[in-house]
Amino acid sequence: MSVTSDDGATLATPEAIVIDGANGVTNAPRAHFPNAGWELVVAVAATVVAIAFRKHRRVLPALLVVAALPGFLHVFWRRADAPLNRGALASQVRSTMREFAKFAPWPRDAVRVVHEDDDVLFPLLRYARPTRPSSDGGVTLEVRGASLRVKCSVVARHIVCRSGP
Amino acid sequence: MIALLGLVLLHLCGSALRVISTRISFRQALERPSSVWFAIVAAYCVSLGPWGALLAAVLVVISRVGLSPLPNPLPLRRGELIGFAALSALVLARPWVPTQWDEFVWIAKARLETLGFGGGVRAALDASMHVLPAGYPPLWPASMGWLSLHHDDVEADVLSGSLLMLICVATLIEVWREEHVSLVGLAVLFASPLIWVHLRSTYVDLPVGLLSAALAVCLVRGHERPPFVAVLLGVVLAAFKDEGLLHVFAATGAALLMHGVRKWRLSLPAVAAVTATLIWRGLLRSHEVVGFDHSVGSPAWAEAPRLAELLTLHLFDLHSWGVFWALTVAAMVVAGNSPMARGLRLTLLGLFAVTFFALLAGPERVRVFAENGTLLNRLLLQLWPTAALLVFSALLSPRSLDAPAHQAAPASR
């Protein structure tokens with residue numbers, strides 16, 4: 001049974017939120033549940049307590065709330081989309097969306113996406129170009145990188161958008 | 001804020017359609033959040049073109065076969081109003097910007113409605129447009145586009161998604177309210193941290209779960225004749241996401257087991273959902289659009305043990321769920337004699353069965369997603385509302401465990 005540090009499990013960056021923010025409160029599902037052993041013990045104990053104390057209605061709400069506290073700490077404090085961090089996250093997303101909209105406005109301009117990394121920028125570009133007609137002529141677009149805050153440039157009817165390394 | 005105007009318009013149109021189709025008063029229709037679904041289903045039928053007329057005809061026929069009225073809503077207590085207002089504030093008080101992978105994808109599809117009414121359906125049926133993911137039912141993003149009144153604005157679309165989420169919550173409250181509600185009990189149900197992540201997003205999984213639970217409640221309480229709104233919920237579930245059809249089957253199966261297979265009207269929501277699915281699948285086939293995510297093949301039985309292990313690991317992920325699913329197990333064991341708790345237990349067992357089978361019989365990439373940790377928690381979100389009502393009914397309700405659910409006086413549909 002391993003008990004890892006909670007810090008490594010936190011979805012602390014905007015990129016982690018884009019990729020895994022909806023899949024779990026931490027990155028435990030992606031990391032194959034490093035704390036599965038003791039979590040299973042907690043679950044079995046909670047089931048037994050719930051059945052044994054089912055007539056004591058104050059015990060069960062307390063059990064639910066106490067067990068949820070570690071997760072709430074992430075949701076409301078530690079994650080990059082926690083209330084205090086959400087403004088900064090939204091600002092980074094908006095900045096990237098503005099850059100795509102400026103260089104490849106949809107549906108006005110015909111733009112052919114010739115390369116996109118299957119990473120954090122993939123869904124943002126999907127929003128920027130929701131349809132990709134096969135017959136699209138016009139300029140070409142390539143998007144590379146694995147982080148937000150994209151900058152685009154145009155060279156000879158070819159748009160290149162890159163984020164950090 | 002244009003989405004709020006869109007919601008008001010849809011609610012007015014839906015209320016008018018409800019008056020026509022179920023003969024209740026306009027005021028009664030206005031008082032019911034679920035009236036919005038009348039407008040959304042009507043708009044969906046129109047967006048499907050001639051085949052939508054077939055779906056509409058099926059719904060008209062079903063509305064005439066003597067469905068039961070839905071009781072008038074009980075007057076809202078002040079605490080309940082404050083509770084829903086607080087929930088709404090928490091859901092809406094955030095920057096209206098997508099931040100998670102599928103949010104961008106859903107809102108990208110909502111954006112297609114800016115090309116004109118039905119733009120989402122037309123693009124989804126045009127393989128050369130390369131809309132991703134291909135073949136998915138189009139109603140969830142289209143509804144967001146309709147609430148935004150076809151305005152090309154990401155904030156309007158995100159707000160639309162959040163308002164639809166709240167309509168789903170309100171619909172569940174509307175059909176559930178005949179049970180004795182303890183606010184403390186309801187509040188602790190939300191002690192599942194992942195729920196708060198999704199309440200503040202525009203993913204469709206939680207809305208599917210909320211409407212699935214609402215349908216289950218309608219059918220468990222329906223005895224012989226479900227209300228017409230249950231039929232519409234069947235259509236909405238099937239048109240929101242392919243898994244929605246499985247939810248309709250699970251709820252229908254549980255209701256027939258509880259009330260007897262001779263109560264054939266209980267299967268009318270499933271008839272409507274199957275019709276909606278067949279029409280959409282037929283349109284995809286006739287337009288040569290391949291939906292590879294949700295095709296069904298031979299079950300991969302050899303992978304069943306690993307999938308069961310993964311599902312268990314997700315269920316007991318303390319950070320995402322606390323001990324909610326552990327208490328669900330306890331609630332299944334001690335469901336007691338309350339008809340509602342027994343009905344919800346049957347429905348939940350059915351939901352787990354169909355979800356597990358869908359994982360086994362789905363394409364290989366679905367099981368890869370499960371292994372990568374990007375799928376199972378979202379499927380569990382679809383089951384959470386039914387499980388939450390079961391936990392409430394069996395463990396947290398102020399009413400005695402063994403008391404049968406009382407019958408409220410029927411008054412409207």
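This is a predicted model: local features need pLDDT of at least 70, side-chain atom pairs count only at pLDDT 80 or more; totals for chains, interfaces and linings use all residues.
Residues are numbered from 1 along each chain as its sequence is written, and chains are lettered from A and ligands numbered from 1 in the order in which they are written.

Chain A contains 5 helices and 4 strands, where helices (H or I, at least four residues) and strands (E, at least two) are DSSP runs numbered from the N terminus. Read from the N terminus, the order of these elements is α-α-α-α-β-α-β-β-β. Chain A is more spread out than a compact globule, because its radius of gyration is 22 Å, well over the 15 Å that the globule rule gives for 165 residues; the radius is taken over C-alpha atoms, and the rule is 2.2 Å times the number of residues to the power 0.38. Along the principal axes, the C-alpha atoms of chain A fill a box of roughly 70 × 30 × 30 Å. Of the 165 residues in chain A, 38% are buried; a residue is buried if 20 or more other C-beta atoms lie within 10 Å of its own, exposed if 12 or fewer, and partly exposed in between, with C-beta atoms placed from the backbone. Among the contacts in chain A with a separation of 6 or more, 60% join residues 24 or more positions apart, a contact being a pair of residues whose C-beta atoms, placed from the backbone, lie within 7 Å.

Between the two chains, the contact takes 54 residues from chain A and 57 residues from chain B. On the side of chain B that touches chain A, the elements giving two or more residues include helix H6 (101-111), helix H16 (304-315) and helix H21 (376-396) of chain B. H6(B) gives the most to this side, with 8 residues.

Turning to the backbone, a cis peptide bond with omega of about 0° joins Trp106(A) and Pro107(A), and Pro107(A) has its place in the loop between helix H4 (83-103) and strand S1 (111-116) of chain A. In chain B, the peptide bond from Leu132(B) to Pro133(B) is cis, with omega near -15°, and Pro133(B) is in the loop between helix H7 (119-124) and helix H8 (139-147).

Phe33(A), a residue other than glycine, has a positive phi near 50°; Phe33(A) lies in the loop between helix H1 (14-20) and helix H2 (36-52) of chain A, and counts as buried because it has 21 C-beta neighbours inside 10 Å. His150(B), also a residue other than glycine, has a positive phi near 65° and is found in the loop between H8 and helix H9 (154-176) of chain B. With 19 other C-beta atoms within 10 Å, His150(B) is partly exposed.

His294(B) lies in the loop between helix H15 (268-286) and H16 of chain B, and is partly exposed, with 18 other C-beta atoms within 10 Å. The C-alpha atoms of His294(B) and Pro363(B) are separated by 7.1 Å, although the two are 69 residues apart along the chain. Leaving aside residues up to four places away in sequence, His294(B) touches Asp242(B) and Gly362(B).
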